[in-house]
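Please open the model in your viewer and keep the sequence panel alongside it, so that each selection can be followed in both.

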Amino acid sequence: MEAFSDGLVAMNIVFANYASIMLHSKKSEVIGKIGFAPVPGGRPLLGGGVLGISRDSRKMEACREFLKWVYDEKTAATITCLGGYINHRKLTENMELLELYPWLEGMEEAFAAGWRRETERLSPGFNEFAFEDILGNAVRAAVSGIMTPEEAVKAAAERCGRELY
């Protein structure tokens with residue numbers, strides 16, 4: 001990434017979170033000159049971290065408040081500015097972020113086309129992206145208090161039944 005930022009290479013394929021290197025380098029030659037395209041073959045490899053709460057946690061409310069904070073639009077934007085990424089639909093409407101990271105606009109499509117492992121071989125026709133979207137929405141609904149955890153699980157199971165099987 002440093003060689004790309006310094007203008008020594010013309011093209012680079014990287015995970016998006018490494019791109020902040022070129023924006024924070026004092027000698028960057030590419031700021032304002034960045035284009036992007038899907039990886040050859042159109043099937044990006046997806047990575048990422050996970051935030052989880054142990055069911056045995058004795059501080060469930062504090063954990064819930066932390067997740068609400070981390071998924072807040074302002075916090076997600078700040079994390080993205082620093083080179084991380086918290087999936088939040090409003091980020092694709094944030095012109096300041098899109099100027100820094102123009103590829104954010106295409107992240108949802110990249111996630112839909114991407115893969116992590118060979119699920120097709122293990123479960124033909126299973127849409128891992130749709131499942132993760134359903135699960136993520138259920139977690140957000142429970143954490144934000146829109147639904148109880150039991151209601152969120154039930155709604156997710158019903159949606160899975162409609163959309164995945």
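How many aromatic pairs does a search of the whole structure find? The model is a predicted one, and the search of the whole structure finds one aromatic pair. Select F66 and W69 to display this pair: the ring centres lie 5.7 Å apart and the planes stand at 40°, so the pair is tilted. Both residues belong to helix α3 (residues 60-70), where, being three residues apart, F66 and W69 are separated by about one helical turn. With a surface shown, F66 counts as partly exposed at 39% relative accessibility, and W69 is likewise partly exposed, with a relative accessible area of 49%.

Next, select T80, which is found in helix α4 (residues 73-81). T80 is buried, its relative accessible area being 2%. To see its surroundings, leave aside residues up to four places away in sequence and display Y85, I86, L91, L97, Y101 and L104, which T80 touches.

Finally, select helix α8 (residues 128-143) together with helix α9 (residues 149-163), which pack at an angle of about 160° with their axes 9 Å apart. Because the angle is over 145 degrees, α8 is roughly antiparallel to α9. The crossing in which α8 passes α9 is right-handed. To inspect the contact itself, show F131, D133, I134, N137, A138 and A142 on the α8 side, which meet P149, A152, A156, R159, C160 and E163 of α9. Coloured by class, this contact of α8 with α9 has eight nonpolar residues, one polar residue and three charged residues.

Terms used
Residues are numbered from 1 along each chain as its sequence is written. This is a predicted model: local features need pLDDT of at least 70, side-chain atom pairs count only at pLDDT 80 or more; totals for chains, interfaces and linings use all residues. Side-chain values use heavy atoms; hydrogens and water are left out. Axes are lines fitted to C-alpha atoms, for helices over the stretch in contact, and angles run from 0 to 180 degrees between N-to-C directions. Helices (H or I, at least four residues) and strands (E, at least two) are DSSP runs, numbered from the N terminus. Angles under 35 degrees count as roughly parallel, over 145 as roughly antiparallel, 65 to 115 as roughly perpendicular and the rest as oblique. A crossing is left-handed if the near helix is turned anticlockwise from the far one by less than a right angle, and right-handed if clockwise. Contact means heavy atoms within 4.5 Å. Ala, Val, Leu, Ile, Met, Phe, Trp, Tyr, Cys and Pro count as nonpolar, Asp, Glu, Lys and Arg as charged, and the others, Gly among them, as polar. Buried means under 20% relative accessible area, exposed over 50%, partly exposed in between (1.4 Å probe, protein chains only). Rings of Phe, Tyr and Trp (its six-membered ring) pair if their centres lie within 6.5 Å; planes under 30 degrees apart count as stacked, over 60 as edge-to-face and the rest as tilted.
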